[in-house]
Every structure is written in structure tokens, then in C-alpha cells.
Amino acid sequence: MGEAILMQRPEGEGFDRAGTLEDVAHGLSQPQKTLSSKYFYDRRGSELFERITELDEYYLTRAERALLQAHAEPLVAAVGPATLVDLGAGSAVKSRIILDAMVAAGVGRCFVPVDVSAGFLHAVAADLREEYPSLAIRPEVADISRRFELPEEIPRPALFAFLGSTIGNFGPLAARRLVRCVVDDMLPRDRFLLGVDLRKDIPTLLAAYNDSRGVTAAFNLNVLRVLNDRLGADFDPGAFRHEAVWNEGESRIEMHLVSERDQTVRIPGVGSIVFSKGESIHTENSRKFERPDVEALLAPAGLTLRRWITGDPALFALAVAGVEPGERPG
């Protein structure tokens, strides 16, 4: 799971029924059935995810926040960002750590939170204007997995932040595409701040996605309730169980919903989907990184890793990258 709210929308906001039907029909027709992780998120899904971030087993949120609190001040001193661009801002909780450092250093002038959920984003922006009266708050409604335009003439240098290890939810091609989209908006003095979850012992990784309270299981199963509500499907969540497994070859945690029996699910506009007992729906990936993996992700876009920040123990990392004239690929 990644923490940037890339695809979350409050219930009913901007619902594209035709697009959802096409997406679901395609995913459930594959040899390995799949559903996009964006369908986790209705109101209940968002609440469950907030509970996940507070679980003892789910170290990611605490580890990244601790790194930001320890290193935001020297990072701001080194970059001098006049603008922070938060890609997948959500509630901008961790962005506030950087904004506080920017304001304290006297360099902050602008904050651009980017999110797909217009209503949620503008509500967050209104709160931020009260909290940071010295900053221009310029929200941008966009899906960062696709090319989008930033507001014109933002103050430079800019720090582009993509936190929460959400990059791990993307496949390799999609992750490289996203990074290239960011680079297209960067100038030589700008920097890209990327939060990544690190490879570690397998029991710790598995525990983070198989918590003892069953909150992650409820979150995973919520995708079925979302499709029942939005599409009129007749999934029986009680007929599936949550499973999170480690895929060594892909260096990722995979979340699945495993059918507990032979069954047929009907989805109006899609048809009947047959499940055999033990067959799974693959709902999410969460890739884990080492430093060479991040360098390999950044290099095709012309980005060079400038700083690699980890804690002790090294659970999570903040990567700071920049691009120089002539480094961009053609």
C-alpha cells in the first residue's frame, strides 16, 4: 500500500461507470484475475486505510515521518525551495513538515498540492491557506499517473515530492513513465524527493500487510463492496479471504483475494465471472527497493541521485534527485 492518495475519490465523486465497467471486465477476464487498487477507496476504504497507518505492524508511515522530521530542515537549507509540489497530496499531513521548514527558513512562497479528488483537494487547500497565510496555495486537480500541467510561473526552485512509497504500487513501466512526467516540469535547480519502502526481512514485510487485527484484510475485501455499491455486482465478501504474499522475483508484496469456494459473480454490464475454489483476484502490488533500484528508476529520465537518506534501522528511504542541463534523454 502506498500513502499518496492518487486515485481516491469521496464516494460518488466523478464516478465513471463506463470506464469502471471496461476496467473491471478486462481485469477479471485475465488468466490471473486483477482489480485495480483504486477501487479500494470509498469512504469506508479511506477510513480503513487511516487505521492501517496507525497499526503497530505498519511501520511505513512512522518511518517516513521520522525521516522527514529529522531531515526537512537540512533538505530545505540545501535546496532552498520556493515551491513545494506534492504529488498525490491527500490531506498533506507530511507536506506540512516540509512547509514548516520552508517557512522557518524564509524561502517558502508557494505550495501546489496535486490530487485527483477535486472536492477533497479544495477543502484541504482552504485549511492550508489558514495555516500558512504567507504561502500561495495553488491546488491542482490531476491524475499524476498521466501527464498534467502545473500552474504557470510557480516560484523556483521547486521541490517535487512523491511520498508514502506509492511509487511501489506502480509497475516498472508505469513508474518510469511517472518519473519522466515529473522531470518534464523540472528545471536544473529543482529537486525530486521520492519516498521508498526498503527491502527487509520477510516476516516484517508480511506482518505489515497481514496485521493481527485484520484491518488490512477488511481494507482488501472492501474492493468487493465498492464494486457491489457502484456497479450492482453481487460479490459475497464472506466468500473470499485476504492473502498477502512476498514475490521474491519482483521484490514486492502482492495482495490477493482468494475464493473460498467455487462460485459465480454477476456484474451488470460485464456478465458472469466464474471463480474456482482457491482462485485469486490480484488487487495490489507494493514493491520494495534498494538504492540501485531507485537509481535505475531515475536514470532513464535523466535524474541523478544526490542524497540517500535512511534511518537506523534502515526501514525506509528518502531519495533526493536532480537533473542538470544535457542530462535529459531525448
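The model is a predicted one, in which local features need pLDDT of at least 70 and side-chain atom pairs count only at pLDDT 80 or more, while totals for chains, interfaces and linings use all residues. I kept in mind that residues are numbered from 1 along each chain as its sequence is written, and that side-chain values use heavy atoms, with hydrogens and water left out.

Ser280 lies in strand E12; helices (H or I, at least four residues) and strands (E, at least two) are DSSP runs, numbered from the N terminus. The side chain of Ser280 makes a polar contact with the side chain of His256 at 2.9 Å, a polar contact being a pair of N or O atoms within 3.5 Å where, within protein, one must be able to donate a hydrogen and the other to accept it, and where residues adjacent in sequence count only if both atoms are side-chain atoms. Leaving aside neighbours within four places in sequence, I found Ser280 in contact with Gln32, Lys33, His256, Leu257 and Val258, contact meaning heavy atoms within 4.5 Å.

Next I followed E12 into its sheet, an open one of four strands in the order E1-E12-E9-E8 with mixed pairing; two strands pair if DSSP finds at least two bridges between them. Strand E1 (33-34) and strand E8 (240-247) are at the edges with a single partner strand each, so one side of each has no neighbour in the sheet. Strand E9 (residues 252-259) and strand E12 (residues 280-287) run antiparallel and are joined by seven bridges, and Glu254 has Asn285 in E12 as its bridge partner. Helix H8 (residues 215-231) packs on this sheet, touching E8, E9 and E12, and its direction makes about 60 degrees with that of E9; the axes are lines fitted to C-alpha atoms, for helices over the stretch in contact, and angles run from 0 to 180 degrees between N-to-C directions.

I then checked the loop between E8 and E9, where Gly249 is found. At 73% relative accessibility, Gly249 counts as exposed.

Which residues of helix H9 (residues 291-298) are buried? I found Val294, Leu297 and Leu298; they cover an arc of only 90 degrees around the axis, which puts them on the same side of H9, the arc being that of the directions from the helix axis to the C-beta atoms. Among the elements covering them are helix H6 (172-183) and strand E7 (191-197).

Last, I looked at helix H4 (residues 95-105), whose buried residues include Ile97, Ile98 and Leu99. H4 is followed by Gly106, with a positive phi near 75 degrees.

Key: Buried < 20%, exposed > 50% of the residue type's maximum accessible area, 1.4 Å probe, protein only.
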